[in-house]
Every structure is written in structure tokens, then in C-alpha cells.
2 protein chains.
Amino acid sequence: MNTDGFSFELQATRGKARAGILHTPRGDILTPVFMPVGTLGSVKTMSPDELRAEPIDAKIILGNTYHLYLRPGMDVIADHGGLHGFANWDRPMLTDSGGFQVFSLSGSNKIDEDGVTFQSHIDGSKHRLTPEVSMEIQGILGAEIAMVFDQCPAADAAKPAQDAAMRRTTAWAKRCARVERPAGQSLFGIVQGGLDVESRLRHMDELVEIGFDGYALGGLSVGEPPPEMYRILDAVADKMPDSTPRYLMGVGTPTDLYRGTSAGIDMFDCVMPTRNARFGTLFTSEGKLHIKNARFRRDTGPLDPACPCYTCQTFTRSYLRHLFKCGELLFARLATIHNLSYYARLMRSMRNAILEGRDLPEIPDANS
Amino acid sequence: MNTDGFSFELQATRGKARAGILHTPRGDILTPVFMPVGTLGSVKTMSPDELRAEPIDAKIILGNTYHLYLRPGMDVIADHGGLHGFANWDRPMLTDSGGFQVFSLSGSNKIDEDGVTFQSHIDGSKHRLTPEVSMEIQGILGAEIAMVFDQCPAADAAKPAQDAAMRRTTAWAKRCARVERPAGQSLFGIVQGGLDVESRLRHMDELVEIGFDGYALGGLSVGEPPPEMYRILDAVADKMPDSTPRYLMGVGTPTDLYRGTSAGIDMFDCVMPTRNARFGTLFTSEGKLHIKNARFRRDTGPLDPACPCYTCQTFTRSYLRHLFKCGELLFARLATIHNLSYYARLMRSMRNAILEGRDLPEIPDANS
């Protein structure tokens with residue numbers, strides 16, 4: 001697969017770590033990159049200009065097929081010519097396939113070889129997703145990167161269940177690849193295989209055989225201890241094709257991003273910086289802090305002295321704590337600006353280190 | 001009273017309506033003006049730059065003494081050199097005296113000639129406000145305009161209760177006027193008297209006798225029918241001193257602002273635009289609308305075609321409805337930007353009409 005307008009340019013390596021540029025018809029994505037998650041067509045609390053502005057300067061954001069299919073529904077998105085028009089986002093987007101949420105969120109689900117029947121977590125209504133339906137929905141959403149419809153088993157699933165998920169994911173990946181996509185939409189395959197290196201490598205071969213614009217590792221950070229994920233990353237990431245981007249789905253902490261990048265991953269997404277922000281947990285150059293802590297009550301210093309974001313340049317820890325304690329909506333937004341800035345700057349600092357032939361910068365322990 | 005750095009410049013009149021400039025040490029306030037309410041040191045969902053940006057361009061915002069005294073507490077505000085530093089607001093501010101909330105919000109309150117003992121609505125803790133304490137708190141908050149500590153009786157209070165409130169408000173106003181204020185802080189008196197014109201005029205005379213930098217009408221929009229308030233405005237507003245600003249407290253709807261301005265009022269404040277926004281009620285040039293209405297589901301037009309605000313220039317009604325229905329935090333902010341823009345533009349259009357010798361522009365009925 002080599003979708004028109006898409007190419008991955010490898011710029012430099014440092015050990016297994018890679019710096020590159022993913023060229024897309026809507027603009028370049030500098031890698032390694034963290035992609036903020038816009039579940040329902042909004043990266044929670046953020047306006048598009050805030051995401052575009054320095055230091056966040058998001059080059060790509062995510063949308064969730066499962067959520068957007070249920071609300072507002074595909075007719076509404078189609079009226080806007082796709083998710084870009086709906087959310088007023090003019091840079092690249094990536095949509096997942098809906099598979100992960102069908103298995104993790106829906107009221108109940110019943111899987112068969114053809115697809116999955118599930119109940120909406122909102123109103124219990126019945127729906128069915130198949131590889132073809134997922135691709136149709138993702139076609140309407142119109143992101144630059146679509147993902148194959150996969151089955152993501154639980155972290156502690158036994159080998160037979162893992163094997164079945166791989167087999168099914170491969171069969172579904174083939175069906176997804178056969179669906180015609182709108183111009184300007186690429187498709188990534190998803191490697192399953194749980195915590196078994198041999199399974200991962202075998203499944204990867206199956207997907208490479210089909211051929212995709214990029215490859216993702218699915219089924220990680222789903223409950224297993226971090227060292228287990230790191231073991232898989234260290235053994236698998238750099239064996240993924242060199243010529244296409246490598247995406248670690250749903251990950252993770254700053255330390256996870258450091259470990260993933262070190263292992264050769266190019267792309268990450270996670271709700272962690274945005275969700276943690278809303279709950280008052282903030283990543284800083286000095287480690288993670290919980291803003292509700294009483295020690296910040298009269299702290300007139302900035303949240304993170306090393307951070308150039310609007311929040312750190314404008315407000316004190318004391319003020320932010322006050323907003324949080326009072327449930328003021330402004331807090332969630334100021335905290336999100338900061339955490340996304342932290343993540344963006346972290347990725348940029350790793351990218352610069354790779355480009356300049358330096359070791360990746362250390363992550364404060366307290367941010368793991 | 002003629003506080004250094006404060007003066008009111010009357011620029012033009014049209015009937016009883018006035019256009020002017022309130023000069024303050026922190027900048028000029030063009031009147032008639034609507035002041036967004038920043039209860040807890042934040043105009044809910046808004047960052048200071050959003051409030052400063054066109055078309056909101058707020059020249060002054062409010063802070064609530066009662067709320068800020070309870071949370072975060074005066075030591076925290078003092079650490080920041082006052083409310084301006086705490087909230088990072090560099091333009092003029094006005095603080096109320098705490099009186100209104102003590103009577104309307106506190107768990108219980110006991111009034112005597114010296115002041116009021118009340119229970120916090122948050123944790124039931126006991127506190128006491130007197131005119132001197134209110135002025136001391138307002139001194140620490142450091143707004144350009146402080147308000148006298150008054151007693152605001154219920155709208156349906158009988159004449160003896162109204163008379164007692166006036167008597168007490170006058171006595172307390174004298175005590176407030178005797179307290180030394182920080183440099184750059186003016187003080188406004190508050191006229192009570194309920195719905196009785198004669199009482200209002202008499203009480204106003206008592207306050208003018210003491211002498212303040214401006215005068216406010218309190219105890220209106222507290223439950224009485226709008227025509228009753230308009231009757232008082234029409235009979236009282238233009239009898240307030242010409243040379244100082246006239247402030248109608250806690251009011252109101254777009255129609256109220258039109259009626260108030262027409263009667264000669266210069267300043268307004270109300271939580272209506274911000275609170276309504278969060279609940280999905282939006283003021284537009286075509287009247288008020290409720291964004292959750294099913295007819296907006298596939299409406300790809302702007303919220304208000306006549307509005308230049310970020311929300312109207314960037315998103316569709318369909319997208320806004322989706323955000324509202326999903327409880328996305330971004331909605332509250334986009335809606336607040338719009339409603340505050342609507343209010344700011346309404347005030348500016350009235351001001352321009354007065355300056356240009358035209359009748360005040362009509363308000364759509366549906367915005368009353």
C-alpha cells in the first residue's frame with residue numbers, strides 16, 4: 001500500500017530512536033509525535049487555535065470512530081464534509097476503527113467472524129460494526145489516517161484467545177484494505193499478539209504481507225505492568241518496517257513515551273495528559289504534581305518554571321489550586337494547555353536530540 | 001467624595017440615555033457598559049485574554065467579596081497583591097460589598113445594627129461582616145470601585161422592612177465612607193427603597209448627602225415583575241446625580257439593559273449571559289435560542305450570522321449542539337464567548353447611537 005500524498009521520510013536515528021517527517025496531503029507531521037485525543041470531535045476544553053498555537057502546535061489529532069458514530073451520527077458529520085469541517089480542524093487527523101471501544105465500552109458485544117454486534121453505552125441501542133462498516137464510517141470522517149478494524153483482547157487473555165484475536169485481526173485487516181478509501185486517506189495495520197514476542201513478530205509479518213501505509217502496536221497499556229510493555233517494545237518496535245511510521249496506540253506516561261521513542265516508535269496517542277489535567281494532575285519539569293495539595297495554597301510561583309505555555313506564563317500555582325478547588329471550568333482548560341504543552345515539548349526535545357545526535361533527555365522519575 | 005484619578009465625563013445624551021467615559025487609574029470605561037461577573041476571580045470559562053479581545057473587549061469585570069473572602073481567603077489574595085494579580089486582570093475591577101450574598105446565599109444570617117453574622121454556604125463555618133470589615137476586605141481585593149455594605153431586602157418586603165433596610169444602609173454607608181481606602185479605589189453608594197419611588201428618591205438624597213464617587217440602584221431584579229423595575233428606573237435613574245456614574249446592580253436581560261440605558265443608567269452587571277451560556281441559552285440578533293433544540297442537529301449555519309465572535313466565525317450550530325449534548329467543556333466556553341460578545345456589542349450599539357444622536361437600536365423581543 002502506498003497511498004498518494006503519503007510518505008515517511010526518515011531524517012536521523014540515535015540507537016533505535018528515529019526522527020522523521022510523515023508527509024500527508026494536509027501537512028507534515030514531525031516525528032516522534034504525540035497526538036492529542038479528540039474523542040467526540042473536541043480535544044476536551046481546547047479550541048482549535050489553542051491546539052495549533054505554540055507550544056502545543058499539534059500537527060495531528062485523533063477522533064474516535066465509535067463515539068462519533070453514536071454521537072452526533074454520520075449524517076451530521078457528512079453535512080460538514082467530514083470531521084475536519086465539523087470540528088474546524090485543518091491539520092491532519094487520525095481515526096481509530098471503533099474496535100477498541102466496542103470491546104471496552106459498549107454495554108454488551110457479540111463477536112463473530114464477520115464483525116461485532118454491540119449495545120451503545122449511551123442508550124443501549126444495538127449496532128453492528130464490521131471491517132467494511134468501520135471503513136465506511138472512517139471514510140465519512142475523512143481523516144488522513146484510518147486504522148484497520150481489529151480485535152483487541154484483554155491483557156491477561158490466554159494464548160488461544162490471543163491467537164484467535166490475531167487471526168481475526170489479520171482477516172479483518174485484509175477486508176479493510178480492500179475497501180476503497182476517499183482520496184487523501186491512508187490506512188494503518190494493527191499488530192496484536194499480547195505480551196508474547198514471537199506472536200507479535202509473526203502477526204506483524206502477516207500485516208506487512210498485506211501491506212499498509214503504517215503499522216501500529218495495539219493491545220498494549222491495557223493493564224499489563226509497564227516493564228512487560230517495555231519488553232515487547234524493545235523486542236518488536238525496531239523490527240517494524242523502516243520505511244513507514246510506527247504507532248504505539250493508547251500510550252502513555254512521559255516515561256512510556258521516552259521508552260517507546262527509544263525503542264523506535266514514531267507516533268503515540270493517549271488521553272492521559274488531557275484527562276489528568278481535568279483531575280488536577282500536572283506534569284512538570286520537576287515531576288508530576290497534584291494541584292489540590294495544600295502546599296500550593298499560597299504558592300505564587302508558576303506551575304512549571306521551565307514551561308513557556310500560557311498557563312505557566314500567566315497564573316500562579318495558588319490561583320490554579322483555587323480554580324480547581326472551586327470547580328471553576330477555567331481550571332480544566334488551563335491545566336490541559338499545560339499538560340499538552342508538556343507532552344509536545346517532551347516529544348520535540350526527543351526529536352531534537354535525535355536530529356542532533358544526542359542521547360534522549362531524561363524524564364523526571366515522578367512523571368512515570 | 002472625589003477619589004483621585006476618578007472622574008466621569010458625560011459625552012452625549014439622547015433623551016435620558018447617556019454616553020460617557022468613567023476615567024480610572026487603570027484605564028477608561030466607556031459607558032453605558034456591561035460588566036461580566038467574575039465571582040471567584042474568574043469569569044467562568046474565560047481567560048483574561050479572551051475577555052480583553054474583540055468583540056468582548058471588557059473594560060471592567062466584577063469580583064464577589066463574599067465568595068473570595070471564603071475562598072481562597074484574604075491571605076492568598078494579599079499574597080498576590082490583590083485580585084488583579086491573583087486573576088491576572090490588568091483592567092479596572094469592581095467588587096461588591098458581600099452584603100447581597102450574605103442575605104441570599106449564606107446558611108443562616110443574623111443582622112444587627114453593627115453588621116451581620118452568617119454561616120458559610122460551603123462548610124457552615126461562622127463569619128461576621130460589618131461595614132468596616134467589608135471595606136477592609138475590598139481594600140485587600142483592591143478593585144478600582146468598591147461598594148458600600150448594604151442591606152438588600154426581599155422584593156416583597158413590607159414597607160417597615162424596606163424602611164429599616166434604608167435606614168441601616170445609610171448608617172452603614174456613612175461608616176464605609178469613613179474607612180480609609182487604598183490609593184486608586186473609589187466608593188459607590190447603594191440606593192435601596194424597594195418599589196416605592198418616593199422611598200428611592202429619599203434614600204438617594206441621604207446617600208448624595210454623604211457623597212460618593214458613584215451611585216447604584218440595589219434591590220432590583222430580585223423577583224419583582226420587570227414592569228415594576230422599569231417603573232422605578234423611569235422615575236429614579238435620571239434623578240441620580242449627573243456628574244457621577246449610575247449603576248444598576250445585578251441586571252439583566254438585553255431588554256433590561258435597553259430599558260436601563262434608556263432611563264439613564266450607565267453601568268450594569270449580571271450573571272445572565274455567562275450562566276445562560278453554560279445552560280445552552282444563547283442570545284442572537286434573531287432572538288434567544290436553546291442550542292439543544294433538535295432543529296439545530298443538522299444546521300450548518302453559524303450561531304448568529306450577524307456576530308463577529310470566534311464562536312460564530314468558526315463553528316456551526318450543529319457542532320455547538322453536539323458539544324452541548326455530549327457535555328463537552330468546550331461548549332460552555334464557546335457559548336460564553338458568544339453571549340458576552342452579544343452583550344458587549346449591544347452596549348456598544350447603544351453607546352454609538354447616543355453619541356451619534358440616534359434612537360437606541362431595538363432589541364429582538366425574544367431576548368427579553
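This is a predicted model: local features need pLDDT of at least 70, side-chain atom pairs count only at pLDDT 80 or more; totals for chains, interfaces and linings use all residues.
Which residues in α9(A) meet which residues in α10(A)?

1. On the side of α9(A), the residues concerned are P226(A), Y230(A), L233(A) and D234(A). They meet D256(A), R259(A), G260(A) and A263(A) in α10(A). Sorted by class, this contact has 4 nonpolar, 1 polar and 3 charged residues.

2. The geometry of this helix pair can be stated briefly. Helix α9 of chain A covers residues 226–236, and helix α10 of chain A covers residues 254–263. Their axes are 9 Å apart and form an angle of about 20 degrees. The helices α9(A) and α10(A) are therefore roughly parallel to each other, since angles under 35 degrees count as such. The crossing of α9(A) past α10(A) is right-handed.

3. The contact between the chains draws 33 residues from chain B and 33 residues from chain A. On the side of chain B that touches chain A, the elements giving two or more residues are α3 (74–79), α4 (83–87), α13 (317–325) and α14 (329–355). Of these, α13(B) gives the most, with 5 residues. The residues on this side of chain B comprise 13 nonpolar, 11 polar and 9 charged.

4. Chain B is superposed on chain A by a rotation of 180 degrees with 0.0 Å of shift along the axis, at an RMSD of 0.0 Å. The two copies are thus related as by a two-fold rotation axis. Both copies use the same surface, as 100% of the contact residues of chain B recur in chain A.

5. Among the residues of chain B, L329(B) comes closest to the rotation axis, with its C-alpha at 3.8 Å.

Methods: Residues are numbered from 1 along each chain as its sequence is written. Chains are lettered from A and ligands numbered from 1 in the order in which they are written. Axes are lines fitted to C-alpha atoms, for helices over the stretch in contact, and angles run from 0 to 180 degrees between N-to-C directions. Helices (H or I, at least four residues) and strands (E, at least two) are DSSP runs, numbered from the N terminus. Angles under 35 degrees count as roughly parallel, over 145 as roughly antiparallel, 65 to 115 as roughly perpendicular and the rest as oblique. A crossing is left-handed if the near helix is turned anticlockwise from the far one by less than a right angle, and right-handed if clockwise. Two residues are in contact if their C-beta atoms, placed from the backbone, lie within 7 Å. Ala, Val, Leu, Ile, Met, Phe, Trp, Tyr, Cys and Pro count as nonpolar, Asp, Glu, Lys and Arg as charged, and the others, Gly among them, as polar. Copies are superposed by least squares on the C-alpha atoms of residues with pLDDT of at least 70 in both.
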